[in-house]
Amino acid sequence: MRPLKLKLSAFGPYAGTVELDLSQLGSRGLYLITGDTGAGKTTIFDAITYALYGEASGNNRDSSMLRSKYAAPDTPTYVELTFSYGGKEYTVQRNPEYQRPKTRGEGMTTEKADGKMLFPDGKVIAKLKDVNTAIRQLLGVDRNQFSQIAMIAQGDFLKLLLADTKERQAIFREIFKTTPYQIFQQKLKEESTRLSRECEQVSASVRQYIHGAVCMDDDALSNELRRAKNGEMTVDDTVAL
């Protein structure tokens with residue numbers, strides 16, 4: 001996923017509308033956002049993550065904290081992100097729940113959280129649940145995984161490196177789409193377990209019968225029977241004996 005354009009309105013410290021042309025960063029695939037403390041670096045991370053997943057990039061900020069406290073009461077709060085994926089452009093827009101003046105009469109009313117997504121073929125989906133599903137299916141990672149592998153905020157760059165094996169497996173499985181191989185592996189494991197159980201049952205039965213077999217010491221097969229009882233012969237040879 002490569003961000004192309006980010007538009008913020010009454011979001012975080014940005015009281016008005018701000019547009020960032022991220023396409024100017026080029027297509028090398030690695031970007032660094034740097035600046036003084038309080039310059040708004042984290043807000044850019046929050047805006048991108050919120051546009052995609054409806055959540056901020058950090059765990060200490062929820063969506064109710066995203067509306068700018070400096071914005072005029074009638075300025076709408078929303079984030080719009082245009083990005084490319086697989087050579088195609090998508091646009092997603094979201095707004096958090098916030099208070100705004102009533103369009104009729106006096107007082108304030110609640111603007112509900114909402115979102116919509118525009119696809120390359122012109123199709124538009126306008127339900128939050130559908131947008132969430134579409135983003136998850138398109139990018140293949142959830143918000144936590146995205147924050148660990150695609151957009152690493154300050155202080156979070158070690159999370160992936162320090163994640164336990166199970167967590168890393170889940171992340172890489174999503175990235176490289178290896179779930180079918182995991183399912184195949186599980187089926188092989190189950191089949192192997194079933195066959196091993198059957199084999200042990202057959203072997204136990206053979207051992208039971210061979211240990212009940214008797215033979216005179218001077219018989220030509222007495223030595224073979226001793227080897228069979230000691231487990232020195234294959235199951236097929238023991239059955240033949």
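Lys102 touches Gly107, Met108 and Thr109, leaving aside residues up to four places away in sequence; contact means heavy atoms within 4.5 Å. Lys102 sits in the loop between strand E5 (98–101) and strand E6 (108–111). The model is predicted: local features need pLDDT of at least 70, side-chain atom pairs count only at pLDDT 80 or more, and totals for chains, interfaces and linings use all residues. Residues are numbered from 1 along each chain as its sequence is written, and side-chain values use heavy atoms, with hydrogens and water left out.

**Terms for the elements**

- Helices (H or I, at least four residues) and strands (E, at least two) are DSSP runs, numbered from the N terminus.
- Buried means under 20% relative accessible area, exposed means over 50%, and partly exposed lies in between (1.4 Å probe, protein chains only).

**More on Lys102**

- Lys102 has 39% relative accessibility, so it counts as partly exposed.
- The C-alpha atoms of Lys102 and Asp74 are separated by 9.1 Å, while the two residues are 28 residues apart along the chain.

**The sheet**

- Six strands form an open sheet, in the order E2-E1-E3-E4-E7-E8, with antiparallel pairing; two strands pair if DSSP finds at least two bridges between them.
- Strand E2 (14–21) and strand E8 (124–125) stand at the edges with a single partner strand each, so one side of each has no neighbour in the sheet.
- Strand E4 (residues 88–95) and strand E7 (residues 114–118) run antiparallel and are joined by five bridges.
- In that pairing, Arg94 stands opposite Gly115 in E7.

**Strand E1**

- Seven of the ten residues of E1 are buried, so the rest of the structure largely encloses this strand.
- Seven bridges join E1 to E3, and the two run antiparallel.
- Lys7 stands opposite Glu80 in E3.
- E1 also pairs with E2 in the antiparallel sense, over six bridges.
- On that side, Leu6 stands opposite Leu20 in E2.
- E1 and E2 form a hairpin with two residues between them, and Gly12 in the turn has a positive phi of about 60 degrees.
- Ala10 is found in strand E1.
- Ala10 has a positive phi of about 50 degrees, although it is not a glycine.
- At 0% relative accessibility, Ala10 counts as buried.

**Helix H1**

- Helix H1 (residues 41–53) lies across strand E1 (2–11), E2, strand E3 (78–85) and E4, and runs at about 100 degrees to E1.
- For such angles, axes are lines fitted to C-alpha atoms, for helices over the stretch in contact, and angles run from 0 to 180 degrees between N-to-C directions.
- The 13 residues of H1 should span 18 Å at 1.5 Å a residue, and the end C-alpha atoms are 19 Å apart, which agrees.
- The expected span of a helix is 1.5 Å times one less than its number of residues.
- H1 is mostly covered, with twelve of its 13 residues buried.
- The buried residues of H1 include Phe45, Tyr50 and Leu52.
- Their cover includes E1, E2, E3, E4, H2 and helix H3 (143–149).
- Just after H1, Gly54 takes a positive phi of about 75 degrees.

**Helix H2**

- Helix H2 (residues 128–139) lies across E3, E4, E7 and E8, running at about 45 degrees to E7.
- H2 has twelve residues and reaches 16 Å from its first C-alpha to its last, close to the 16 Å expected at 1.5 Å a residue.
- Val131, Ala134, Ile135, Leu138 and Leu139 are buried in H2.
- Seen down the axis of H2, these buried residues fall within an arc of 105 degrees, so they line one face of the helix; the arc is that of the directions from the helix axis to the C-beta atoms.
- Lys129 and Gln137 are exposed on the other side of H2.
- H1, E3, E4, E7 and E8 are among the elements that cover the buried residues of H2.
- Gly140 follows H2 and has a positive phi, near 80 degrees.

**The nonpolar core**

- A nonpolar core is a set of buried Ala, Val, Leu, Ile, Met, Phe, Trp, Tyr and Cys residues joined through side-chain atoms within 4.5 Å.
- The largest such core has 28 residues, of which Leu6, Leu52, Phe83 and Met117 touch the most other members.
- E1, H1, E3, E4 and H2 are the elements that give two or more residues to this core.
- H1 supplies the largest share of this core, seven residues.
- Not counting residues up to four places away in sequence, the residues that Leu6 touches include Val18, Leu22, Ile44, Ile48 and Leu81.
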